[in-house]
Amino acid sequence: MTAKIITVAQQKGGAGKTTLAAHLAVAYTAMNKRVVAVDIDPQQSLSRWYGLRLDRMDGTPAGVLVSATEGWRARAEVDRAAAGHDLVIIDSPPHAETEARIAIRAADLVVVPVQPSPMDVWATRPTLELAAAEKVPALLVFNRVPARANLTEAMEAEAGQLGARIARARLGTRVAFAAALAEGKAVGEAQPSGRAAQEIAALAKEILKAAN
Ligand SMILES: Nc1ncnc2c1ncn2[C@@H]1O[C@H](COP(=O)(O)OP(=O)(O)OP(=O)(O)O)[C@@H](O)[C@H]1O
Ligand SMILES: [Mg+2]
C-alpha cells in the first residue's frame with residue numbers, strides 16, 4: 001500500500017504552511033489515517049509544535065508523528081515515512097527553491113496556502129510553476145480570509161488567471177488557529193465546535209479527495 005504524499009508549499013513566507021500542515025496532520029489522524037508529517041523547514045516550527053504536543057499530551061500524541069529532516073534528504077525521509085503510513089504531509093520552507101522542488105517532486109498533491117491580497121496571489125506564481133514543471137497537481141487554499149467576501153472573489157479571479165485550481169473550503173482569520181498550536185494542539189482538539197474546526201474539517205476532506 002502506498003501512502004499519499006501531500007506537500008504544503010508556498011515560496012512566500014508566513015502564508016500559513018505550518019498552520020495548515022499541523023492541522024491537516026491532526027485532522028487525518030482523527031479520520032483514523034496513519035499520518036506522518038515531515039518538517040523540512042530549517043525554522044522547524046512544525047517540529048517545535050510537535051515537541052509542545054508531546055510535552056502537553058503526556059506522551060499520547062494521538063497518532064501524529066513529526067519527523068524533521070534537511071531538505072536534501074527529504075526524498076529518502078519521505079520514502080521511509082511512506083512505508084506503514086496512509087498519508088505523508090510535508091511542511092516546506094519559504095524562499096528555498098531547491099527544497100521546495102524536492103518536496104513538490106515527491107508529492108501527489110501540492111497544497112498552496114495564500115492570503116487573499118494581490119501581492120500574495122502574485123507571489124504564488126513561482127510555487128505553481130514549480131508544481132507544473134514537476135507535473136504535480138496544485139490546489140490553492142485561501143487562508144486568513146477576512147469577512148469582506150468581495151475582496152476574496154476578486155482574488156479568486158486573479159488566482160484563476162494563474163491557472164490554479166482553488167479549494168472551495170477556505171480558512172478565515174481566526175486566532176483560534178495560533179492559540180491551538182501554542183498549546184501543541186489543533187483547533188479540532190482545542191475548540192472542537194468552533195468555526196475554525198469546521199473550516200479545517202471541510203478543507204481536510206476536500207484535500208484528501210484531490211490527492212486521490
Ligand atoms: N487562518 C489564520 N488566521 C489567523 N492567523 C493565522 C492563520 N493562518 C496562519 N496564521 C498566522 O500567520 C502566521 C504565519 O503562519 P505560518 O507560520 O503557518 O505560515 P508559514 O507559511 O508556515 O510561514 P513560514 O513561511 O515562515 O514557514 C502565524 O503567526 C500564524 O499563527
Ligand atoms: Mg512554516
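Guide: Start with K135, which is exposed because there are 8 other C-beta atoms within 10 Å. The cut-off for exposed is 12 or fewer. Keep in mind that this is a predicted model. K135 sits in the loop between α6 (125–133) and β6 (138–142). Its phi is positive, about 55°, although K135 is not a glycine. Most residues other than glycine have a negative phi.

N32 lies in the loop between α1 and β2 (35–39). N32 counts as exposed because it has 9 C-beta neighbours inside 10 Å.

β6 runs parallel to β5, and five bridges join the two. One of the paired residues is V114, whose bridge partner in β6 is F142. On to β5 (109–114) itself. Six of its six residues are buried, so β5 is largely enclosed by the rest of the structure. Both faces are covered. L109, V111 and P113 are buried on one side; V110, V112 and V114 are buried on the other.

β5 has another partner, β1. Three bridges join these two strands, and they run parallel. Here I6 has L109 of β5 as its bridge partner.

Step back to the whole sheet. Seven strands form it, in the order β3-β2-β4-β1-β5-β6-β7. The sheet is open and the pairing is parallel. At the edges are β3 (65–68) and β7 (165–166), each pairing on one side only.

α10 covers residues 195–211, which makes 17 residues. From first C-alpha to last, α10 reaches 24 Å, close to the 24 Å expected at 1.5 Å a residue. Its buried residues are A196, A197, E199, I200, L203, A204 and I207. Seen down the axis of α10, they fall within an arc of 155°, so they line one face of the helix. The buried residues of α10 pack against the strands β1 (4–8), β5 and β6. They also pack against the helices α1, α8 and α9 (187–190).

α1 (17–30) and α8 (175–182) are the elements that give two or more residues to its shell. The largest share, three residues, comes from α1. There are 19 residues around ligand 1, and K17, T18, T19, P94 and A178 come nearest. By class, this shell holds 10 polar, five nonpolar and four charged residues.

Conventions: Residues numbered from 1 in each chain as written. Chains lettered and ligands numbered in written order. Predicted model: local features only at pLDDT ≥ 70, side-chain atom pairs only at ≥ 80, totals over all residues. Near = placed C-beta within 6 Å. Helix = DSSP H or I, 4+ residues; strand = E, 2+ residues; numbered from the N terminus. Nonpolar A, V, L, I, M, F, W, Y, C, P; charged D, E, K, R; others polar. Buried ≥ 20, exposed ≤ 12 C-beta atoms within 10 Å, placed from the backbone. Expected span 1.5 Å × (residues − 1). Arc of directions from axis to C-beta. Contact = placed C-beta atoms within 7 Å. Pairing = 2+ DSSP bridges.
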